[in-house]
Amino acid sequence: MYERSYTIRRISELMPAITVSFSDEGAEVRTLLYDSRKLSDTLHGLFFALEGRRDGHQYIRDVYAGGVRNFVVADGKTDTTGFPGANFIVVKDTLEALQALAAYHRSQFAYPVIGITGSNGKTIVKEWLAQLLAPEYRIARSPKSYNSQIGVALSLWQLDGSYDLAIIEAGISKPGEMDALHAMIRPDIAVLTNIGPAHDDGFASRGDKIREKLRLFEGTAQAIYSPDHLQGIPMPSAGRHVTWGDGEVSLKVTGHELVDGHKCRIHAEYEGRPVQLTIPFTDAAARENAACCWTVMLAMGYGQAVITERMAMLQSVEMRLEMKRGINNCTVVDDSYSNDLSSLAIALDFLRQQQQHATRTLILSDIPGASGREEEVYSNVAKLLADSKVNRLVTIGAALLEQQGKFGFVKHEGFPDTAAFLASFDELAFHDETILLKGARKYAFERISQLLTAKLHDTVLETNLNAVEHNLNQYKSLLPKQVKLMAMVKAFSYGSGSFEVANLLQFNKVDYLAVAYADEGVELRKSGIRLPIMVMSPTAASFDALLAHELEPEIYSFSILDDFVRLLAGKRMSGYPIHIKVDTGMHRLGFGAGDIEQVISSLQETTAVKVQSVFSHLAAAGDTVHDAFTEKQLTAFHGFAERLREALDYPFIRHIANTAGIRRWPQAHLDMVRLGIGLYGAGSKRSTTLQLQQASTLKTIITQIRQVPAGESVGYSRSGMLTKDSTIATVNIGYADGYDRRFGNGVGHMVVRGEKVPTVGDICMDMAMLDISGVDAREGDEVIVFGDVDQLAKAIGTIPYELLTGISQRVKRVYHYG
Ligand SMILES: *Cc1c(COP(=O)(O)O)cnc(C)c1O
């Protein structure tokens with residue numbers, strides 16, 4: 001028997017608590033929380049204030065306001081008074097406390113736990129083992145790649161009596177980390193996938209890194225690895241060693257060959273007999289991962305016939321949640337690869353964070369492997385749904401239909417199978433909703449996905465939201481703590497799409513957003529963005545919209561100031577936040593230095609507005625040639641801001657630095673900075689201090705390939721004369737999509753199957769041609785049009801800003817967490 005639930009009192013006994021203060025020591029804890037942006041099951045949640053990149057102690061007020069009443073905090077970091085009804089456990093180290101709780105929880109289960117470590121392939125091996133072992137076992141596994149000091153603890157917390165096998169990933173990046181993971185996981189079977197250069201930086205030598213990883217194997221019953229990866233470092237003693245590779249090993253891999261162009265047959269010897277199997281992949285990493293899984297199955301006593309049969313059906317692991325623009329203004333989150341409780345919980349968590357539509361819909365299939373325990377499994381599904389703000393549920397499958405009584409709290413439409421759903425598709429009338437697709441393979445949800453996503457044209461701009469978050473943090477690392485950050489999301493977030501990016505920024509607690517026009521701000525408000533928003537080019541016609549949506553105007557002239565003040569006074573409004581723009585040399589918008597006294601008297605005459613900030617814009621912050629000019633702008637700005645400060649009896653925010661200013665001008669950070677193109681990973685490639693990631697990739701496909709002999713020409717005006725026999729690919733993108741005509745005739749290049757290929761001939765309106773001679777490509781292949789925009793912009797004499805914002809609105813935007 002194991003403890004099904006814990007009271008807060010009991011939890012305090014399981015960790016080294018220094019003091020406790022309980023309002024209700026019997027409060028039940030079911031869910032562990034550590035991210036203030038992702039609160040669920042708040043009634044039974046326990047928040048650990050962890051001190052990572054963000055210090056969780058700073059968010060305790062927010063988390064309390066979100067309904068959570070149970071907290072684990074570090075000694076001396078938080079005043080625990082003033083939280084009526086809350087329970088606090090005070091410890092020395094909150095991460096250690098979390099890990100102690102996870103270790104205790106895991107210790108209650110006697111079923112086997114497989115621990116996986118290695119440089120690459122951990123997640124794939126875990127997911128493949130889950131596929132391969134599913135017929136015999138009910139498997140708990142780490143969600144996605146939760147393999148860190150926190151992730152492992154959360155993974156183990158999921159264990160309960162409904163499983164009979166667990167597969168847990170263990171990832172480390174510096175010395176000492178594996179001991180903490182080992183103490184929690186205590187694997188019965190430990191697996192080393194491989195050793196590569198990943199995270200070498202954190203260790204004195206490759207050998208040290210291997211030794212650290214091998215600590216997972218201490219005292220395990222079965223150690224599974226390839227001696228080829230150990231570089232002579234001894235494996236700790238384990239009950240039994242089962243190995244693969246090409247020396248003295250259990251499974252001796254002797255060779256492989258390609259089958260039908262897209263499969264690979266692997267030959268090996270096991271216990272002196274030749275054995276073989278075929279996997280539906282051909283790359284070296286897949287062969288290595290397959291050999292690893294093969295060895296695990298042999299170690300677990302599986303016969304070769306079963307292994308061969310299952311390996312042939314391995315499916316690729318699509319781990320990212322893809323967000324796509326759907327029909328009728330829907331947003332589709334496609335997670336149709338698998339359906340089990342742990343991945344459902346993650347996907348629902350992701351869905352809950354989406355603010356763009358009021359309706360959140362889940363299309364869910366029966367959960368495979370639930371037969372015989374429907375009661376329990378679907379009660380758990382109902383519990384997850386109740387916590388997740390889903391307001392429309394569409395189910396596909398007989399079991400869910402039978403269990404429909406459990407879903408009375410949500411609008412429910414049930415279908416026995418996918419065909420019945422597709423037949424009713426039109427009546428379901430999906431519109432203006434965020435739709436999560438969660439279906440097991442056999443329900444063929446890809447057909448539903450196709451119907452729901454507007455497939456007008458195969459060119460997409462993919463934005464990796466993790467990269468945006470990463471870049472934000474890179475720039476934040478340059479700023480002193482007290483400096484605020486305004487994120488520029490004008491022009492559709494530099495082309496990448498407004499609300500998805502704004503939503504991410506809101507979660508990351510930037511201080512301000514800025515857009516160019518009022519209607520952009522209105523769109524953000526409608527999709528649930530609550531951050532303060534500055535509008536840079538307000539017009540008198542847009543004032544009502546500003547007020548209705550709490551948007552704050554940039555005031556750059558006396559006429560706009562007078563008009564705005566008059567409107568507010570007419571409505572008897574006062575104290576409305578405005579942002580005063582000063583022209584210090586850009587000569588675009590703003591009050592000049594000579595206007596200061598008149599600005600002051602206008603502001604002193606009215607109570608309708610309140611100066612929220614005063615700002616200016618640097619014309620050439622990125623350019624060393626103009627550094628003296630930038631200094632002059634700064635001096636002029638300080639003069640204006642100082643004078644205003646003397647005249648007003650309240651403080652305001654001062655800001656002047658854009659992306660380049662943040663990087664090159666620390667003295668210009670002032671009270672706030674305005675981060676634009678840097679968020680998207682472009683515009684400062686020469687930076688050596690920052691490790692930026694490219695956030696957006698423009699992709700298209702090859703629609704046709706043909707052989708064209710030397711002497712023929714390609715495209716309009718016959719400008720693409722061929723001097724040799726060539727293979728020409730036509731791709732689905734042209735200047736109407738934002739692919740500049742200046743990229744024609746070899747000036748631009750795209751990437752096909754990893755190879756850089758030049759354009760040939762003029763760029764057409766909707767198409768372009770590439771010379772792919774020598775590249776083994778096929779029609780339908782993906783083509784990367786823009787990756788590194790900095791370099792491409794230079795090729796046609798423009799700037800990355802123009803390339804990014806010039807991508808036309810007919811190009812579908814897709815988002816993922818990379
Ligand atoms: C666009 C803009 C920024 C951001 O510039 P980046 O170079 O993209 O960082 C900052 N301030 C103002 C006023 C802008 O218009």
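Guide: The radius of gyration used here is taken over C-alpha atoms, and the rule for a globule is 2.2 Å times the number of residues to the power 0.38. The model is predicted.

Visitor: What makes the radius of gyration of the chain agree with that of a compact globule?
Guide: For 818 residues the rule gives a value near 28 Å, and the chain has 30 Å, so the two agree. Along the principal axes, the C-alpha atoms fill a box of roughly 90 × 85 × 60 Å. The chain has 26 helices and 40 strands.

Visitor: How much of the chain counts as buried, and what share of its accessible surface belongs to carbon and sulfur atoms?
Guide: Buried residues make up 57% of the 818. The accessible surface is about 33,900 Å², and 50% of that belongs to carbon and sulfur atoms. Of the contacts with a separation of 6 or more, 64% are between residues 24 or more positions apart.

Visitor: Why is T331 called buried?
Guide: The cut-off for buried is under 20% relative accessible area. T331 has 5%, therefore it counts as buried. T331 is part of strand 18, residues 331-334.

Visitor: What makes the pair T331 and H357 a polar contact?
Guide: The limit for such a pair of N or O atoms is 3.5 Å. The side chains of T331 and H357 are joined at 3.0 Å. H357 is also among the residues in contact with T331 beyond four places in sequence, along with M323, K324, G326, Q356, E433, T434 and I435.

Visitor: Why does L393 count as buried?
Guide: Its relative accessibility is 0%, against a cut-off of under 20%, so L393 is buried. L393 belongs to strand 20, residues 392-396. Beyond four places in sequence, L393 touches residues including L362, L364, L385, F407 and V410. The C-alpha atom of G52, 341 residues away along the chain, is 37 Å from that of L393.

Visitor: Which residues of helix 7 are buried, and what do they pack against?
Guide: Helix 7 covers residues 206-214, and its buried residues are G207, K209, I210, E212, K213 and L214. They pack against strand 8 (113-117), helix 6 (177-185) and strand 11 (189-192).

Visitor: Which residues are around the ligand?
Guide: They are M488, K490, Y494, M536, R588, H617, N658, T659, R674, G676, I677 and Y801. By class, this shell has 5 nonpolar, 4 polar and 3 charged residues.

Visitor: How far are the side chains of K490, Y494 and Y801 from an oxygen atom of the ligand?
Guide: For K490, an N or O atom of the side chain is 2.6 Å from a ligand oxygen. For Y494 the distance is 2.6 Å, and a polar side-chain atom of Y801 lies 2.6 Å from an oxygen of the ligand. The ligand on its own has 390 Å² of accessible area, and the protein covers 95% of that.

Visitor: What makes N658 buried rather than exposed?
Guide: N658 has a relative accessible area of 17%, which is under the 20% cut-off, so N658 is buried. N658 sits in the loop between strand 30 (653-655) and helix 24 (659-664). Apart from neighbours within four places in sequence, N658 is in contact with H617, A621 and R674.

Terms used
Residues numbered from 1 in each chain as written. Predicted model: local features only at pLDDT ≥ 70, side-chain atom pairs only at ≥ 80, totals over all residues. Heavy atoms only, no water. Helix = DSSP H or I, 4+ residues; strand = E, 2+ residues; numbered from the N terminus. Buried < 20%, exposed > 50% of the residue type's maximum accessible area, 1.4 Å probe, protein only. Polar contact = N/O pair within 3.5 Å; in protein donor to acceptor, adjacent residues only side chain to side chain. Contact = heavy atoms within 4.5 Å. Near = heavy atom within 4 Å. Areas by Shrake-Rupley, 256 points an atom, 1.4 Å probe, with all protein chains shown as cover. Nonpolar A, V, L, I, M, F, W, Y, C, P; charged D, E, K, R; others polar.
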